[in-house]
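Student: I have a structure open and would like to learn how to read it. Could we go through it feature by feature?

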Amino acid sequence: MSAFAHAGTPSASPFVSVKGLTKTFGGAQALKGVSLSVLPGEAHGLVGANGAGKSTFIRILAGLTQPDGGEILVDGRPLTSNDPHRANELGMSFIHQELAFVASMSVLENIMLGLPKRTRLGFVDWPTIARDVKPIADRVGVTAPLNAGVRGLSTAENWLINITRALVRKARLIVMDEPTAALSTAESVRLFDIIRDLRTSGVSVLYVSHRLDEILELCQRVTVFRDGQSVAELDGAQLTRQGLVEAIVGRSIEQAKKPASLSIGERVVLSARGLSRLPKVKDVAFDLRQGEVLGLGGLVGAGRSELARLLFGADRPDGGRMTLDGKPFAPRSCAEAVAARIGLVPEERRSEGLILSKSVAFNLALANLGALVIAQGLPLISPRRWRATTEKTMRDLMIKASGIDTPVGHLSGGNQQKVVIGRWLQAMPKVLILDEPTRGVDVGSRAEIHRLVRELASKGMAVLVISSEPEELPDLCDRVLIMAEGRIVAELSGEALTRDRVIAASYAEASGFA
Amino acid sequence: MTDLSGSTRRLSPAAKVGLGVFARFATIFGLILMIVVFSILSPEAFPTFSNFINVLNQASLAMIIAGGLTLAVIVGELDLSIGYAASLHGVLVTGLIVQTRLPIAIAIAVVLGLGAAIGVVNGLIVTKLKVNSVIATLGVGTIIVGLSFAYSAGVPIVAGVPESFLQLALGRWLFGIPNPIIIMALVVAGLWVLVERTAIGQEIQAVGGNPAAALLAGVAVDRIKILGFVISGMCAALTGALLASRLGSGTTSAADSYLLTAFAAVFLGSATLRDGEFHVLGTFIGTLIIVFGFNGLNIFGAPTFSQYIFQGAILIVAVGLSSLGRILAES
């Protein structure tokens with residue numbers, strides 16, 4: 001406990017209390033009056049569908065965005081003006097989904113970034129600072145040496161460094177946005193231990209996540225946002241999975257069921273034999289059939305995304321061969337893969353999937369421009385055909401946007417993901433690869449995306465789904481391949497395709513039992 | 001989420017919309033205001049048909065080179081070689097006509113081809129060697145200055161320029177409109193259609209917006225970037241040839257100053273009608289602002305130094321308005 005010098009005494013009066021917060025962007029009201037309070041030493045959950053206002057709320061709390069109305073009280077005192085520096089001074093720390101470090105600096109330098117540093121004779125006294133920081137880093141479980149560079153550290157390690165940074169800043173509230181999205185199960189368990197440890201020393205955690213099981217395991221109270229309002233605050237006996245889902249969706253929903261796979265044809269569309277790119281992909285062989293949804297499971301770092309890059313022409317294999325429709329297939333660029341009618345929904349939709357400043361119509365059309373021309377062979381695009389195609393896709397996918405000209409950056413995460421998928425719906429490739437299609441997507445959108453993928457397969461598309469969520473693969477796929485350390489180590493289908501088997505296969509092989 | 005660069009100021013939604021409108025239309029208001037003020041101050045010299053035609057004629061060469069630069073910046077790169085390249089093209093086209101005795105059309109075709117080749121070189125250095133475009137095009141531009149001196153030994157080619165070549169820039173066509181205006185109109189229309197209404201134009205915009213996403217959507221990003229440089233290089237060649245025709249000589253460094261004019265026009269344009277996004281029509285309006293400004297300063301007999309101050313100041317204002325537009329679009 002002594003490592004946390006700022007241990008507070010738990011009490012009933014909230015550390016942070018937000019009342020009636022409102023915010024409008026352009027014409028859209030993102031927050032219509034949300035209230036939330038966090039008690040000292042509490043793990044408080046914040047859940048809600050994408051677009052419910054969670055991100056805006058956090059940005060306001062962090063001082064990155066200014067509210068239009070409402071009030072924020074810290075220790076009972078109203079916060080009249082807020083900016084990132086002020087938020088920090090008041091003891092609020094924020095760990096975002098996309099972690100930001102200065103890549104050229106060491107672990108310690110990143111931890112101390114922006115903090116006043118002890119000096120000796122005018123020089124920064126790094127040895128003394130390191131001595132002060134070391135116990136905190138140890139307590140949190142940072143294994144990288146403090147003087148090591150941050151380049152190449154794992155996501156899990158980055159999270160631990162960020163938590164250390166928050167504690168060095170004497171944070172009393174740490175806001176974590178989708179912390180486990182990129183962590184393995186074991187790493188998540190470690191994070192939960194740390195959060196419990198923080199609580200006992202009076203530090204509060206605001207835990208934002210779509211993973212309801214984690215919320216239930218970790219949080220004492222949970223606030224639910226829906227459509228820019230705080231619609232429920234659950235605790236104690238009210239805090240159940242069913243209760244959360246109903247509050248998030250606003251109605252009770254049936255568990256989406258996988259339809260019988262009638263669509264799988266005999267014809268192999270994409271096949272690989274002995275495919276390698278060392279050290280990440282080793283001797284991979286598989287057949288992907290027409291109308292099939294094939295899953296690719298395994299732990300983060302098992303080589304799945306690297307395999308997808310080979311299939312999509314982003315990297316060249318250094319061994320093995322592929323065939324597409326029975327003909328040799330060796331794409332030298334993504335453009336060649338797309339020309340051969342392969343589509344990819346990348347893992348990072350904001351940085352790799354979308355052009356955020358451009359409109360929904362623009363982003364949807366990007367892989368299908370050839371079909372929008374006035375006449376075959378003419379390079380001119382028909383605005384009328386473009387509008388009609390866009391509106392049809394938006395209807396089919398239920399993409400929520402104020403118009404086809406809305407910049408895609410203004411959409412919620414689930415709707416952004418639908419735009420990336422909709423792009424390929426327009427182009428109708430033979431093979432569609434989806435990398436983590438529902439990461440950071442709310443329960444409702446997730447079900448819609450799953451339905452969409454099944455629908456594409458029923459139309460004869462061959463689909464490859466990469467997912468790190470063990471629940472997702474049995475829900476969605478006809479057959480699942482498990483990768484570990486670059487190899488395919490298991491194939492699951494039919495009765496054998498269950499969540500538990502997926503997890504067991506991922507871990508068994510990774511720890512060398514094969 | 002990771003953009004921690006600054007907090008948005010506390011503005012009411014109405015004020016934000018108002019500021020957005022201001023940012024988008026500020027350049028057009030500025031242009032109108034300038035024309036009105038000059039007209040009031042100099043009612044007999046400024047607001048005449050012949051002066052407006054004169055201004056458009058002046059603007060033509062700047063607009064063509066700025067139009068080309070617009071394509072380079074839309075694909076997300078800068079092209080600093082265009083001014084030096086235009087100078088070289090002017091020297092070369094004159095030399096080819098006067099000394100090599102090539103037919104005028106062939107000579108112009110040769111410089112347009114060279115312009116495209118310079119674009120390919122710029123593009124390959126940026127995309128394949130991964131050299132930052134500022135450095136790459138500055139280096140290529142400096143090499144071009146050297147080539148220009150090597151070709152002409154720095155001596156202007158004046159004697160023996162045929163009348164027919166001079167007619168290219170000095171002649172008039174339909175309704176007595178000077179040829180450069182007609183050429184400029186064709187170039188602007190062509191570039192606008194290319195960027196806004198063709199499939200490849202959408203790919204050009206995508207590459208500038210997010211190259212990683214464009215790549216994964218199947219766009220041949222490197223080829224599109226090279227295309228941007230090629231169009232920039234060809235427009236520089238056209239401006240260089242027209243300038244040589246207008247001046248009646250091929251002079252080393254004659255077109256160098258077009259670089260700054262083009263940059264100011266392109267950035268003013270990005271603040272026009274759209275939030276900090278580069279586009280052809282915006283560049284056209286940006287060019288008009290700059291050339292009307294010069295014209296006004298000339299009519300009032302402002303000293304030469306004031307033109308440099310005007311140009312430097314307008315470049316800064318242009319980039320400022322452009323980033324203001326982007327900030328408002330994001331908040």
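Student: What radius of gyration would a compact globule with 331 residues have, and what does chain B have?

Tutor: A word first on the source: this is a predicted model. A compact globule with 331 residues would have a radius of gyration near 20 Å, and chain B has 20 Å, which agrees. The C-alpha trace of chain B spans about 65 × 55 × 35 Å along its principal axes.

Student: How many helices and strands does chain B have?

Tutor: Chain B has 13 helices and zero strands. Written from the N terminus on, its elements read α-α-α-α-α-α-α-α-α-α-α-α-α.

Student: How do I describe two helices that pack together?

Tutor: Two packed helices are described by the angle between their axes and by the distance between the axes. Take helix 2 (residues 49-74) of chain B and helix 12 (residues 280-299) of chain B: they pack at an angle of about 140 degrees, and their axes are 9 Å apart.

Student: At what angle do the axes of helix 4 of chain B and helix 10 of chain B cross?

Tutor: The axes of helix 4 (residues 104-127) of chain B and helix 10 (residues 221-247) of chain B cross at roughly 145 degrees and come within 7 Å. This crossing is right-handed. The contact of helix 4 of chain B with helix 10 of chain B has 18 nonpolar, eight polar and two charged residues.

Student: Now chain A. How many helices and strands does chain A have?

Tutor: Chain A has 17 helices and 22 strands. Its radius of gyration is 24 Å, close to the 24 Å that the globule rule gives for 514 residues, so chain A is as compact as a globular protein of that length. Its C-alpha trace spans about 70 × 50 × 50 Å along the principal axes.

Student: How do I read a sheet?

Tutor: In a regular strand the side chains alternate between the two faces of the sheet. For the sheet as a whole, follow the strand order. One open sheet of chain A has six strands in the order 18-19-20-15-21-22, with mixed pairing. The edge strands are strand 18 (342-345) and strand 22 of chain A, each pairing on one side only. From one strand to the next, the twist averages 20 degrees.

Student: What packs on this sheet?

Tutor: Helix 15 (residues 443-458) of chain A packs on the sheet and touches strand 15 (293-298), strand 19 and strand 20 (462-466) of chain A. Helix 14 (residues 413-427) of chain A lies across strand 18 and strand 19 (431-435) of chain A, running at about 170 degrees to strand 18 of chain A.

Student: How many bridges link strand 21 and strand 22 of chain A?

Tutor: Strand 21 (residues 479-484) and strand 22 (residues 487-493) of chain A pair in the antiparallel sense over six bridges. They form a hairpin with two residues between them, and A:Glu485 in the turn has a positive phi of about 45 degrees. Within the pair, A:Ile482 stands opposite A:Ala490, and A:Met483 has A:Ile488 as its bridge partner.

Student: Why is one side of strand 14 and of strand 17 of chain A left without a neighbour in the sheet?

Tutor: These strands belong to an open sheet of four strands with the order 14-13-16-17 (chain A) and antiparallel pairing. Strand 14 (281-289) and strand 17 (327-329) of chain A stand at the edges with a single partner strand each, so one side of each has no neighbour in the sheet. Six bridges join strand 13 (residues 268-277) of chain A to strand 14 of chain A.

Student: How many residues of each chain are in contact?

Tutor: 36 residues of chain A are in contact with 24 residues of chain B. The elements that give two or more residues to the side of chain A are helix 10 (334-339), helix 11 (349-353) and helix 12 (360-365) of chain A. By class, that side has 19 nonpolar, 11 polar and six charged residues.

Methods
Residues are numbered from 1 along each chain as its sequence is written. Chains are lettered from A and ligands numbered from 1 in the order in which they are written. This is a predicted model: local features need pLDDT of at least 70, side-chain atom pairs count only at pLDDT 80 or more; totals for chains, interfaces and linings use all residues. Two residues are in contact if their C-beta atoms, placed from the backbone, lie within 7 Å. Ala, Val, Leu, Ile, Met, Phe, Trp, Tyr, Cys and Pro count as nonpolar, Asp, Glu, Lys and Arg as charged, and the others, Gly among them, as polar. Two strands pair if DSSP finds at least two bridges between them. Axes are lines fitted to C-alpha atoms, for helices over the stretch in contact, and angles run from 0 to 180 degrees between N-to-C directions. The radius of gyration is taken over C-alpha atoms; the globule rule is 2.2 Å times the number of residues to the power 0.38. A crossing is left-handed if the near helix is turned anticlockwise from the far one by less than a right angle, and right-handed if clockwise.
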